[in-house]
Amino acid sequence: MPPSFAPPAEVRTFLLAGLSMTLLWFAFPPIGAWWLGWFALVPLVWLVDLDRLPGRRPYWQLGFAGLGYWLATFYFIPFPHPVLWLGWLAVSLYLAVYLPFSIGVARIMRHRFQIPSWLCFAIATTGAEWVRSHFATGMAMVCLSHSQFRQPILIQVADLSGGYTLTFLMVAFSGLIATAFRPVSVAQFASSAFPNKRDKLIWRTAAPTLMAVAILIFVVGYGTMQLSHYDRLGLTSDEEFPTVNVAIIQGSLDKVFVAPTEEEIIQDLDHYRELTQEALQRWDDLHLILWPESSFSLYDLTSDFDQQFTADLAQSDIQGFWRDVMMESGAFETAMVVGGTTLDPETERFFNAAIWIGPGGRVVDRYYKNHRVLFGEYVPLGDQFPAIAAMTPLGRNLSPGREFKSFSIGGVHFAPSVCFETTVPHLMRRMVNDLADREGEPDVLVNLTNDGWFFGTSCLDLHLACNVFRAVELRKHHLVCANTGFSADIDAVGRLLQIGPRRDTGIIRAAVTKSNWGTSPYRKLGDTIPALFGWGSLFLLFAAAR
């Protein structure tokens, strides 16, 4: 670039990184220009190639660019409670570390071991995604691959080694494009005095371009093959396997971290009861009804209701006025799975739970959420020092569950999860494999969530993207029941068959059957390959620091 047009060297690192982060932000909702995800990291690969990063403290510049990206991506975190402004800043500061981490590791591989820059950056970025998905309980939302969640043909490779597979291929594609079109002097390229150099420049463009095209051919070809395979399986599924009809009840109740009054709780229950009654009147062949997380909070009705509700659960029976109301509406004539915070009758601890209610209103079983949300459902040391937990928006720490549960209706096995558990790929893989070993192969994943804390923002899209990828990785039909959206009916190849509205009520009727796909490679291999990238990146960074 001519000196008169070139930006000051002191801020060049920040400007290139900022350009990359801006393009990446556009690739995700709310903009959703998914195709930009394949090109957004090109400027970062140019930084990897430089002999020396320009400017003073270039890694700080990378960190600031990353901080801006995460602040803009997670702008919705403070919405439920003012205290979460600190959480928003803390989470963004933590995640901002991963951009300089990826660049640093890639530069070590590039300049010390002469590995091609596109491969260096693909390994480093995939490794960084794996690290942040596991460190400090894990933060696996907004992975690069998730920008493609509405493109079924492109996401099928996720069943090989999780969403990390597509992330690796997307970064490699960006790296190859960056290598092919690295900025060069136009005068030098056009000069007849350097024919050999010009030939090398042409080849340097052609070879990586062909490799980038090969990556696209592989991704599209594999996706086409898997979609065709699933459609062939579906041709005989209705004849060979029973069908279970499920009503997904999506309420629309915005939430904040304030203790509800008795009147508000009853209004919420009435809200879902009316939607359920509408579903029962619309369809007379339903086998199962789903309510979202936090929709069945009976324990909060009166000051002395904790003990009564605990006794009811211990007897596996819901009694009292609400059961009478539900029975009159016909809701309890059909099996239900509802979300709510419950007090376990044996341990006397509070859990975020999915409660399975059989026909007649009897509680059959409960799944206690295993993976709690940091600063949402617990704070560190809150169990040892209750006074710390009392200062949080929730007012107490919820306890984690210790095992996975499944329930069966008509021979179809359902595996429930609650809230952001579906944002953690290795947790969901462990759940499916554990249930397959203990209780039989799960056929359908069920996620009950309450995203009403975020008032219809792009958090709904980002959570839905995680649910789509869990369906593909595990090759399971996936039903999502979400307050304020997005409820969804997702097939085992990640296609959104039906989706609820944003921040509005909706009812989805889904027909599910037994899984006839088999075990995906990801269920067998897990995170083995991205874990190697992650541990290798950490080792290289530690060795370089020494």
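A β-α-β crossover counts as right-handed if, with the strands pointing away from the viewer, the path from the first strand over the helix to the second runs clockwise. Strand 8, helix 18 (residues 459-474) and strand 9 make a unit of this right-handed kind. Helices (H or I, at least four residues) and strands (E, at least two) are DSSP runs, numbered from the N terminus. The model is a predicted one, where local features need pLDDT of at least 70 and side-chain atom pairs count only at pLDDT 80 or more, while totals for chains, interfaces and linings use all residues. Residues are numbered from 1 along each chain as its sequence is written, and side-chain values use heavy atoms, with hydrogens and water left out.

Taken as a whole, the chain holds 20 helices and twelve strands. Of its 546 residues, 56% are buried (under 20% relative accessible area, with exposed meaning over 50% and partly exposed in between; 1.4 Å probe, protein chains only). Looking at contacts (heavy atoms within 4.5 Å) between residues at least 6 apart in sequence, 72% join residues at least 24 apart.

Six strands line up in the order 6-7-8-9-10-11 to give an open sheet with mixed pairing; two strands pair if DSSP finds at least two bridges between them. Strand 6 (407-409) and strand 11 (496-499) sit at the edges with a single partner strand each, so one side of each has no neighbour in the sheet. On average, and ignoring direction, neighbouring strands are turned by 20° against each other.

Five bridges hold strand 7 and strand 8 together in parallel, with Phe414 partnered by Val444 of strand 8. The chain gets from strand 7 to strand 8 through helix 17, again by a right-handed β-α-β crossover. Seven bridges link strand 8 to strand 9, also in the parallel sense, and Val446 has Leu479 of strand 9 as its bridge partner. Seven of the seven residues of strand 8 are buried, so this strand is largely enclosed by the rest of the structure. Val444, Val446, Leu448 and Asn450 point one way, while Leu445, Asn447 and Thr449 point the other.

Phe455, in the loop between strand 8 and helix 18, has a positive phi of about 55° although it is not a glycine. Phe455 is partly exposed, at 23% relative accessibility. Arg503 lies between strand 11 and strand 12 (506-513), with phi near 55°, and is partly exposed at 39%.

Elsewhere, helix 3 (residues 58-73) packs against helix 5 (residues 98-113) at about 135°, with the axes 8 Å apart. Axes are lines fitted to C-alpha atoms, for helices over the stretch in contact, and angles run from 0 to 180 degrees between N-to-C directions. The two helices are therefore oblique (angles under 35 degrees count as roughly parallel, over 145 as roughly antiparallel, 65 to 115 as roughly perpendicular and the rest as oblique). The residues that meet include Tyr59 and Leu62 from helix 3, and Ile103 and Arg107 from helix 5.
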